Amino acid sequence: MQKLFDGYARFRSTQWPERRKTFEGLADEGQNPQTMVIACSDSRVDPTMIFDAEPGELFILRNVANLVPPYEPDTAFHATSAALEYAVRVLEVRDLIVMGHAMCGGIRVLLDGAPVQGGDFLVPWMRIAESAKFRVLARAPADVHTECEYETVKLSLGNLMTFPWLAERVEAGSLKLTGMSFDIRSGQLLMLQGDGTFAPVDIP
């Protein structure tokens with residue numbers, strides 16, 4: 001904890017004076033992000049850092065393996081769906097990115113099973129992506145883990161379209177869905193192409 005407190009002290013002494021007006025504006029006017037990012041909870045993947053975004057720019061949802069479950073409005077708890085509903089229906093974001101990443105521990109659980117200490121919630125959660133795993137295994141690629149990471153992004157994008165109020169916006173052109181994957185080994189960001197492959201994002 002001390003390392004975190006030391007970091008907070010640096011934030012208050014260096015970043016806060018520079019960004020005070022930004023935060024005051026966000027406090028007075030509320031948030032109006034144009035983009036939502038659904039990313040993995042992995043501590044090595046930080047969407048704000050990857051996109052060099054300022055406070056208020058991104059509405060970020062992070063969970064294990066950047067998964068979106070299908071639309072299931074019932075009495076159960078749906079943290080991911082609740083965040084999605086808030087971003088799309090209340091904040092009316094214009095872009096929605098599902099961003100996977102290399103060396104994902106959630107995908108390792110999907111392929112190899114959970115460690116003994118992590119079976120209560122991890123295993124049921126990762127069942128969302130079982131169909132993605134089976135599609136990859138049927139192809140028998142050389143790198144099953146990476147292909148599962150990619151396929152899970154595609155699965156989440158497909159599940160997003162099961163939310164009727166989201167699909168309506170996509171079809172009307174007021175919301176755009178994008179699949180991405182970040183390689184923590186190289187710092188390279190890949191984007192899902194029309195042919196189903198992932199290619200590096202072009203930068204100037």
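A residue is called buried under 20% relative accessible area, exposed over 50%, and partly exposed in between. At 38% relative accessibility, Tyr-86 therefore counts as partly exposed. The model used throughout is a predicted one.

**Exercise 1.** Classify the aromatic pair formed by Phe-59 and Tyr-86, and state which elements it joins.

*Solution.* Step 1: Seven aromatic pairs are counted in the model. Step 2: In the pair of Phe-59 and Tyr-86, the ring centres are 6.0 Å apart and the planes make an angle of 35 degrees. Step 3: Stacked pairs require planes under 30 degrees apart and edge-to-face pairs over 60, and the rest count as tilted; the pair of Phe-59 and Tyr-86 is accordingly tilted. Step 4: Phe-59 belongs to strand 2 (residues 58-63) and Tyr-86 to helix 3 (residues 79-90), so the pair ties together parts 27 residues apart in sequence. Step 5: Phe-59 has a relative accessible area of 14% and is buried.

**Exercise 2.** Determine how the rings of Tyr-71 and Phe-163 are arranged, and whether each residue is buried or partly exposed.

*Solution.* Step 1: The ring centres of Tyr-71 and Phe-163 are 5.3 Å apart, and their planes stand at 70 degrees, so the pair is edge-to-face. Step 2: Tyr-71 is in the loop between strand 2 and helix 3, while Phe-163 is in the loop between helix 7 (144-160) and helix 8 (164-172); the pair therefore ties together parts 92 residues apart in sequence. Step 3: Tyr-71, at 34% relative accessibility, is partly exposed, whereas Phe-163, at 2%, is buried.

**Exercise 3.** Describe the largest nonpolar core and the contacts of Leu-166.

*Solution.* Step 1: The largest nonpolar core has 23 residues, and those touching the most other members include Met-36, Ile-38 and Leu-166. Step 2: Two or more residues of this core come from each of strand 1 (35-40), strand 2, helix 3, strand 3 (95-101), helix 7 and helix 8. Step 3: Leaving aside residues up to four places away in sequence, Leu-166 touches Leu-84, Val-88, Leu-96, Leu-160, Met-161, Leu-175 and Leu-177.

**Exercise 4.** Which residues form a nonpolar patch on the surface with Leu-4?

*Solution.* Step 1: Leu-4 is located in helix 1 (residues 2-29) and, at 59% relative accessibility, is exposed. Step 2: Met-1 and Phe-5 form the patch with Leu-4, and together they have about 390 Å² of accessible area.

Key:
Residues are numbered from 1 along each chain as its sequence is written. This is a predicted model: local features need pLDDT of at least 70, side-chain atom pairs count only at pLDDT 80 or more; totals for chains, interfaces and linings use all residues. Side-chain values use heavy atoms; hydrogens and water are left out. Rings of Phe, Tyr and Trp (its six-membered ring) pair if their centres lie within 6.5 Å; planes under 30 degrees apart count as stacked, over 60 as edge-to-face and the rest as tilted. Helices (H or I, at least four residues) and strands (E, at least two) are DSSP runs, numbered from the N terminus. Buried means under 20% relative accessible area, exposed over 50%, partly exposed in between (1.4 Å probe, protein chains only). A nonpolar core is a set of buried Ala, Val, Leu, Ile, Met, Phe, Trp, Tyr and Cys residues joined through side-chain atoms within 4.5 Å. Contact means heavy atoms within 4.5 Å. Patches are made of residues with over 30% relative accessible area and no salt bridge: like charges are joined within 9 Å, nonpolar side chains (Val, Leu, Ile, Met, Phe, Trp, Tyr) within 5 Å. Accessible areas come from the Shrake-Rupley method with a 1.4 Å probe; for residues, only the protein chains shown count as cover. A salt bridge is a side-chain nitrogen of Lys or Arg within 4 Å of a carboxyl oxygen of Asp or Glu.
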